[in-house]
Amino acid sequence: MTELLKISLPDGSVREMERGSTPADVAAAIGPGLAKAAIAARVDGELRDINRPFEGDAELALITSRDEEDALELARHDFAHVLAEAVQALWPGTQITFGPATDDGFYYDVKAPDTREPFSMDDLPAIEEKMREIIKADKPLRREVWSRQQLIDKWEAEGETFKAEWARELPEDEELTVYWSGEDWLDMCRGPHLASTGKLDPQAFKLMRVAGAYWRGDQKNAQLTRIYGTGWLNKKQLNAHLTRLEEAAKRDHRKLGREMDLFHLQEEAHGSVFWHPKGYRIWRELEAYMRRKMDGGGYREIKTPQLMDVRQWEQSGHWGKYAENMFAVPDIVPEVEGLGDDNGGKGANPQVAGDADWMAIKPMNCPAHVLVFKQGITSYRDLPIRLGEMGCCHRNEPHGALHGLMRVRQFTQDDAHIFCTESQVVEEVRAFCKLADEVYSDFGFKYEIKLALRPEKRLGSDADWDRAEQELRDAVAEAGMDNETYGWEELPGEGAFYAPKLEWHLTDAIGRTWQVGTIQGDRVLPERLDASYVGEDGEKHRPVMLHRAIFGSYERFIGILIEHFAGRLPVWLAPVQAVVATIVSDADDYAREAVAKLQAAGIRVESDLRNEKINYKVREHSLAKVPHLLVVGKREAEEGTVAVRTLGEKEQRVMSLDEAIVMLKDGATPPDLREG
């Protein structure tokens, strides 16, 4: 008698299928339309190949291109394998390593054969053509289980030294799989994959660039070439992505930062920003805005040290979890041999004693805030205590990871910590949700809220994690934000090692998302650093510590704002809000008078009295993203008017100087200070 398996479907129905059947067989039994559309399957929650047989009774959900997240992951994984196959077909002797899917595409690390130079951008057209040829050949992608020794023998025989090294480290008792592309090419891979290369759209990918990469990410190892591509489900999606990239390039904050004279970076201070006067004006306006918000929310601002004894970081748990990202310095005055030209041209040679104590530059403010909280005896009547700091921090990011203002080594947070009782947590988090909403709305951002849950490696008891996660859920629910409007979602395993966290993901003008604000409910740090308050019962109790930020860091938030607004910042944030430019020198005195009146009204204004044509001046100030250009000539001087050219508008408006001042003052007023 044929053994039948029970396959449960999402609608509650159950199909009986013969042992050896696959999800593709179930799709065909349901109907030809689904058989054609189904590209993969979730079997008991695990994403699998559509042609992989069931091992027993199972719950089945068929995946189609409408399940975009899964479909894109599969397609990008397949594009990576097709890329590797194409490179080896074009240049036999190429060694392949690994090629994962990424957020918008895929890459593969390869080593060119010794007979040629490393791969370059010039090779990409030929690789793309070969990839399309493989896709159009509709080669079946077939899964097989191999032993570790089979893998080692295969790779050693073919000179694949990197793959062989990796195979030797695989556990013998683990199921190891390879995937064939047709009958002539394979790669070891956990899968899953589409049924064949022909399921990919040959017009839905593009190879983007090449970069150097080290085997296993270690610069002591062999250097490889990483070939990056972007991959999508169809050409329409690809074109939309390429358009976004083109728009993003125009908005690149590094490019606009130069054009607007806001900041620069240089090798003498890797990952630290040199702010120019105009850029620091943006910073100061943001800082003043955030201080008003924090003052209104009952926060008290403090300032804590940059350097603290390493033992403090050991006690907090950061040294054990985070030491590789911290800068440490010896707590001594070093003996120095040679001080330049005064010592015969010898360079300084500081000596550090082997028994020197060590200090660490803070990568975060939290432990210092606990130390402030611990000064004196705190009563339950004093809680909640909200301590805020515009805290400068340093993190030892790798040079290759640094990226303009978005990824730096020195940064300043709009940081705060709330110390409260267990019963106050939900209300404090709810109030923070409201505050964050006000701030992001003032900048015109839409956002989504995510709850990052406990990671595998963490501190604290499961009971504490259960309580902390539920408090965050309850707070978002009380704020009315645990719904699709706010993109509410829970993210398993993505919390910090000491606490779950709520994350605010902003969407910018071209559809990119940025994770910015957070709040975390922490019971670990107060315990480790012995923070306590006296309860109503006269006994000592641990406070709950809420870590929170809205901008995240000033550097990154300014970078996001520059790109979101394409440099055309709201008038209240613009470093120069208006320029009075003359057409003829006869209007110079009137221009100076206009500047004086605008400055008296609180407008950040400059004059441009140069002997240049007005069109030249318009172009220059437009490039600098000045919101308003007030043009004055002989007629304007006689009539007390200005011709206002607003950035992004084609027509100019002529109005009295007093009317212009009223208009500019309105735009120059920060949103939290406007009436109504």
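**Entry 1: the cores**

I started with the largest nonpolar core and found 59 residues in it, of which L286, Y440, F443, L502 and W504 touch the most other members. Helix α13 gives the most to this core, with nine residues. A second, separate core of 32 residues includes A40, V87, L194 and I227.

For my own reference, a nonpolar core is a set of buried Ala, Val, Leu, Ile, Met, Phe, Trp, Tyr and Cys residues joined through side-chain atoms within 4.5 Å. Buried means under 20% relative accessible area, exposed means over 50%, and partly exposed is in between, with a 1.4 Å probe and protein chains only. Helices (H or I, at least four residues) and strands (E, at least two) are DSSP runs, numbered from the N terminus.

A note on the source: this is a predicted model, where local features need pLDDT of at least 70 and side-chain atom pairs count only at pLDDT 80 or more, while totals for chains, interfaces and linings use all residues. Residues are numbered from 1 along each chain as its sequence is written, and side-chain values use heavy atoms, with hydrogens and water left out.

Next I asked what F443 touches. Not counting residues up to four places away in sequence, F443 touches L286, Y289, F551, F557, L561, H564, F565, W572 and L573; contact here means heavy atoms within 4.5 Å.

**Entry 2: strand β29**

Is strand β29 buried or exposed? I found that six of the six residues of β29 (residues 544–549) are buried, so this strand is largely enclosed by the rest of the structure. I checked both faces, and both are covered: V544, L546 and R548 are buried on one side, and M545, H547 and A549 on the other.

Then I looked up the partners of β29. Strand β22 (residues 410–420) runs antiparallel to β29 and is joined to it by six bridges. Strand β26 (residues 513–522) also runs antiparallel to β29, joined by five bridges. Two strands pair if DSSP finds at least two bridges between them.

**Entry 3: T421**

I moved on to T421, which sits in the loop between β22 and α13 (425–442). T421 counts as buried because its relative accessibility is 10%. Its side chain makes a polar contact of 3.1 Å with the side chain of S423. A polar contact is a pair of N or O atoms within 3.5 Å; within protein, one must be able to donate a hydrogen and the other to accept it, and residues adjacent in sequence count only if both atoms are side-chain atoms. Leaving aside neighbours within four places in sequence, T421 is in contact with L383 and Y533.

L383 came up again when I went through the peptide bonds: the bond from L383 to P384 is cis, with omega near 0 degrees. P384 is in the loop between α12 (366–373) and β21 (385–394). I noted another cis peptide bond between G191 and P192, with omega about 0 degrees. P192 lies in the loop between β10 (185–188) and β11 (205–214).

**Entry 4: W232**

Where is W232? I found W232 in the loop between β12 (223–231) and α7 (235–251). W232 is buried, with a relative accessible area of 10%. Its side chain has a polar contact of 2.8 Å with that of T230. Leaving aside neighbours within four places in sequence, the residues in contact with W232 are L72, R76, F79, D104, A204, Q237, L238, H241 and R244.

**Entry 5: cysteines**

How many disulfides does the whole structure hold? My search found zero, a disulfide being a pair of cysteine sulfur atoms within 2.5 Å. I looked at C366: its sulfur is 8.1 Å from the closest cysteine sulfur, in C393, too far for a bond. C366 counts as buried at 5% relative accessibility, and C189 counts as buried at 12%.

**Entry 6: positive phi**

Last, I looked at backbone angles. D44, in the loop between β3 (40–43) and β4 (46–49), has phi near 50 degrees, a positive value in a residue other than glycine. D44 is exposed, with a relative accessible area of 52%. D530, in the loop between α15 (524–528) and β27 (533–534), has a positive phi near 60 degrees. At 45% relative accessibility, D530 counts as partly exposed.
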